[in-house]
Amino acid sequence: MTVLNPDTVGRVGNDPIFALNAEARARAEAGESILNATLGALLHDDGSLAVMPSATAAFDEVPAGVAAGYAPIGGTPGFLAAVLGDLFGAGPLTERAVAVATPGSTGAVYQAVGNFLQRGQAVLAPHLYWGPYRVIAEHQDRRVETFETFTPSLRFDVDALAAGMDRQLREQGRVLVLLNFPCNNPTGYSLDAEEWVAVAEVIADAGRSGPVAVVLDNAYARFGDAASTAWLDVVPVILERATLLVGWTASKSFTQYGARVGALVALHGDGEERARIADAVGYTCRATWSNCNHRGMIAVQRLLTDPVIVAQADEERGALVQLLDERVDAFNHAARAAGLSFPRHHGGFFVSVMTDDGERAAAAMRDMGVYVVPVRGAVRVGLCSTPAAQMERLVGALSAGVEAVAR
Ligand SMILES: Cc1ncc(COP(=O)(O)O)c(C=O)c1O
């Protein structure tokens, strides 16, 4: 007998990745040599969290009397305008967008699932997706359905996306696609310009048969290569027949994971529909987190718009991107030499190594003191927390894990 309502009994409060991380840390504290590549935060080689001084200063400089007050429900207008400016500049897309503040991109995904799907319906995501999408959907009585992420040659499977959309339009009459690019978590993959063109055509085509919305979870926007903004070129095609939602966040771009500053940006070609969307998402803000971190919004607005601070932040982030690039190069070199299978990868926080059984491979690696995250058909490796000097050990354990499954 429990006081909990029957629907919530058995829910697990801790994220499985945090549980793995806790186990790795406990073993390290007990004196073992542990390589912990589980977490999704960018660490320096000495294991300390990488923090951008410009962001710390911007937060510190917000007057206490302002920071302590409630922010407007949907977010401060200056912050929201700065986010739109960050995404679209002064271009025409800004005029076709509405935005509300959310606690990170997590909040944006939560908003999208609740407002663009009905109860019982499923969001459509590539099968290699960020794990919390499932609980975010289930918490609101929605689900996640998946399509195969890659073709056999490890390119994004646009045909599988099209088939999934087609099926959902027939079965549930509407589609909400959830994509996380660039630097996808867990694979590190970014769609290139050609793939975006194909994806946009599929979306616009599906939009002829029913309401279609696409969420672009843009959490790693600032860590990809030149192709990271290729999606912007296809927005007009998507908007011909569909709604585009963008999850924007300061968590990674400004190394402010704990600040919980983000936004949901919704693009739609029709002004009346935009107004309806703005009302619906504003309602969800009021009904969930009420309003977001006031200090954070003011600080991030400055980080996005004050030319001196922007230059400083760009320089600091540039050094972090370089740190990641060195790790990516070391990984690519060692993993290619070891014959591991992994998708195209140019940057970002993660890479996934393919194996038939991610759970078994990760378990075999734990026996060697190396922690990675099992996902379906792969293991996720956090390059963001693995120094380049550790890549040989990491790849050695990955090879052993993959071989343990193949035996
Ligand atoms: C793909 C993806 N989306 C969203 C998030 C959540 O980020 P936020 O702190 O912006 O809520 C993460 C964080 O790990 C992520 O990897």
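**Backbone and domains**

A: Start with aspartate 141, which is partly exposed, with 14 other C-beta atoms within 10 Å. A residue is buried if 20 or more other C-beta atoms lie within 10 Å of its own, exposed if 12 or fewer, and partly exposed in between, with C-beta atoms placed from the backbone. This is a predicted model: local features need pLDDT of at least 70, side-chain atom pairs count only at pLDDT 80 or more, and totals for chains, interfaces and linings use all residues. Residues are numbered from 1 along each chain as its sequence is written.

Q: What phi does aspartate 141 have?

A: Most residues other than glycine have a negative phi, and most peptide bonds are trans. Aspartate 141 has a positive phi of about 60°. Arginine 260 also has a positive phi, about 60°, and is not a glycine. Arginine 260 is partly exposed, with 19 other C-beta atoms within 10 Å.

Q: Which residues does a cis peptide bond join?

A: One joins phenylalanine 181 and proline 182, with omega about -5°. Another joins asparagine 185 and proline 186, with omega about 25°.

Q: Which domains does the assignment give?

A: Domain bounds come from an automatic or database domain assignment. Here the protein chain has domain 1 (16-43 + 310-406) and domain 2 (57-305). The contact takes 24 residues from domain 1 and 23 residues from domain 2. Two residues are in contact if their C-beta atoms, placed from the backbone, lie within 7 Å. The C-alpha centres of the two domains lie 26 Å apart.
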